[in-house]
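Here's a quick briefing to read alongside the sequence and the 3D view.

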Amino acid sequence: MLLFVIKNLICRTDGGYEIIVTIQVGRLKYAKTHEWVREENAGTAIVGISAHAQSLLGDVVFVELPAPGTCVKRQESIAVIESVKAASDVYAPVSGVILKVNDDVVNSPELINESPLERGWLFSMQLDDATELDELMDGEVYQDEHDSAFS
């Protein structure tokens, strides 16, 4: 699977710069429970929640993520996202081992609302079986099922 990444260089007024990375939404795979997966390389993947899911949750105020090294099974509840409206479980869209969590999201949960498909990712994982990705929906099917705009 190829992932197209667009990088933009932004010059700041303080003389520094930032590289903004935009992920092509069509390259993500989605679970029915609203998690997305972006396959990286060497059997690893990044996981987050969809723009649709974050819009249903409202303002996110707390995130509890699994510890690195945790073994997870597909469809297992592995994290919690709390918003001003409700608390919601996050389910493993595929089986594997958690490699890294996004500490930025833990420290600034609002990133999930601001950038659910980019800066608001939750964790990376080593896949047990990459063929499980074939059972997930592509972006077009997910969008059709949930009739929502991607942002």
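On helix 4, the face turned away from the buried side carries the exposed residues Glu140 and Asp144. Keep in mind that this is a predicted model.

- Helix 4 covers residues 139-146, and its buried residues are Gly139, Tyr142 and His146.
- Looking down the axis of helix 4, you'd see those buried residues fall within an arc of 65°, so they line one face of the helix.
- What sits over the buried residues of helix 4? The cover includes strand 3 (29-30), helix 1 (51-57) and strand 12.
- At the N-terminal end, helix 4 is capped by Asp138, which has a side-chain oxygen 3.2 Å from the backbone nitrogen of Glu140.

**The aromatic pair**

- There's 1 aromatic pair in the structure.
- It's made by Tyr30 and Tyr142: the ring centres are 4.4 Å apart and the planes sit at 15°, so the pair is stacked.
- Tyr30 belongs to strand 3 and Tyr142 to helix 4, so the pair ties together parts that are 112 residues apart in sequence.
- Buried or exposed? Tyr30 counts as buried, at 0% relative accessibility, and Tyr142 is buried too, with a relative accessible area of 0%.

- The open sheet has 7 strands in the order 7-10-11-5-4-3-12, and the pairing is antiparallel.
- Its edge strands are strand 7 (71-72) and strand 12 (137-138), each of which pairs on one side only.
- As background, strands of a sheet pair through backbone hydrogen bonds, either parallel or antiparallel.

**Strand 5 and its two partners**

- Strand 4 (residues 35-39) runs antiparallel to strand 5, and 5 bridges join them.
- How many residues of strand 5 are buried? It's 6 of the 6, so strand 5 is largely enclosed by the rest of the structure.
- In a regular strand the side chains alternate between the two faces of the sheet.
- Both faces of strand 5 are covered, with Thr44, Ile46 and Gly48 buried on one side and Ala45, Val47 and Ile49 buried on the other.

**The nonpolar cores**

- The largest nonpolar core has 28 residues, and those touching the most other members are Ile49, Val63, Ile81, Ile112, Leu122, Phe123 and Met125.
- Which elements give two or more residues to this core? They are strand 5, helix 1, strand 6, strand 8 (77-83), strand 10 (96-101), helix 3 and strand 11.
- Another core lies apart from that one; it has 8 residues, among them Ile46, Leu117, Trp121 and Met137.

**A closer look at Val63**

- Val63 is part of strand 6 (residues 60-64).
- Its relative accessible area is 4%, under the 20% cut-off, so Val63 counts as buried.
- Setting aside neighbours within four places in sequence, Val63 is in contact with Val80, Val105, Val106, Pro109, Ile112 and Leu122.
- Val63 and Asp103 are 40 residues apart along the chain, and 9.9 Å separates their C-alpha atoms.

**The polar spot at Asn113**

- You'll find Asn113 in helix 3 (residues 111-114).
- Its side chain makes a polar contact with the side chain of Gln54, at 2.8 Å.
- The side chain of Asn113 also reaches the backbone nitrogen of Val60, at 2.8 Å.
- Not counting residues up to four places away in sequence, Asn113 touches Gln54, Gly58, Asp59 and Val60.

Methods: Residues are numbered from 1 along each chain as its sequence is written. This is a predicted model: local features need pLDDT of at least 70, side-chain atom pairs count only at pLDDT 80 or more; totals for chains, interfaces and linings use all residues. Side-chain values use heavy atoms; hydrogens and water are left out. Two strands pair if DSSP finds at least two bridges between them. Helices (H or I, at least four residues) and strands (E, at least two) are DSSP runs, numbered from the N terminus. Buried means under 20% relative accessible area, exposed over 50%, partly exposed in between (1.4 Å probe, protein chains only). The arc is that of the directions from the helix axis to the C-beta atoms. Contact means heavy atoms within 4.5 Å. A polar contact is a pair of N or O atoms within 3.5 Å; within protein, one must be able to donate a hydrogen and the other to accept it, and residues adjacent in sequence count only if both atoms are side-chain atoms. Rings of Phe, Tyr and Trp (its six-membered ring) pair if their centres lie within 6.5 Å; planes under 30 degrees apart count as stacked, over 60 as edge-to-face and the rest as tilted. A nonpolar core is a set of buried Ala, Val, Leu, Ile, Met, Phe, Trp, Tyr and Cys residues joined through side-chain atoms within 4.5 Å.
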